[in-house]
Amino acid sequence: YKRLSGKAVHFREFNWHPSGTLSVSDRVVATRSKDVAARIHLHPDCRIETATERRAVVRYSCGRFQIDFSGAESLSLEDAWYCPRFNSRLPARSLAACARGHKVEMGFTISPI
């Protein structure tokens, strides 16, 4: 994103825990305040049972999992597309964790329930 105004640089770190939890940490550093969004795109078979400002519980064919967010100012549900193959798309949902600043640190964990 350096070519854009604000010259933002994005860093992402993944950590897989033996418990089956995936942690994702994002850091965006820019020369001026920017809107930042981290999106989690869900498969069309996933159903969001509950969503608050910090947590979403999702049901899918093999059970349920929860996504816990940190550092985000807001969490919203968005319409999205799932593209299983070329020239094919199905409606789906995504979760967008949003924040604003010139140095934004946020993340999420995905854990089985």
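The model is predicted, so local features need pLDDT of at least 70 and side-chain atom pairs count only at pLDDT 80 or more, while totals for chains, interfaces and linings use all residues. Residues are numbered from 1 along each chain as its sequence is written, and side-chain values use heavy atoms, with hydrogens and water left out.

I'll start with the overall layout. The protein has 0 helices and 7 strands. Helices here are DSSP runs of H or I with at least four residues, strands are runs of E with at least two, and both are numbered from the N terminus. The C-alpha atoms fill a box of roughly 45 × 35 × 25 Å along the principal axes. Of the 113 residues, 35% are buried; buried means under 20% relative accessible area, exposed means over 50%, and partly exposed is in between, with a 1.4 Å probe and protein chains only.

Now one residue. Is V58 buried or exposed? V58 is buried, at a relative accessible area of 0%. V58 sits in strand β4, residues 55–60. Leaving out residues up to four places away in sequence, V58 touches L42, C46, R47, I48, G63, R64, F65 and I67. A contact means heavy atoms within 4.5 Å.

I67 brings us to the core. The largest nonpolar core has 23 residues, and I67, F69 and M106 have the most contacts inside it. Such a core is a set of buried Ala, Val, Leu, Ile, Met, Phe, Trp, Tyr and Cys residues joined through side-chain atoms within 4.5 Å. Strands β2 (22–41), β4, β5 (63–70) and β7 (88–112) each give two or more residues to this core. The largest share, 7 residues, comes from β2.

Last, the largest pocket. A pocket is found on a 1 Å grid over the protein atoms alone, as an open set of points where a 1.4 Å probe fits, with protein on both sides within 12 Å along at least five of seven lines; lining residues have an atom within 4 Å of a point. Of the 16 lining residues, Y1, H10, V28, V36 and A37 are the closest to the centre of the largest pocket. Which strand gives the most to this lining? That is β2, with 8 residues.
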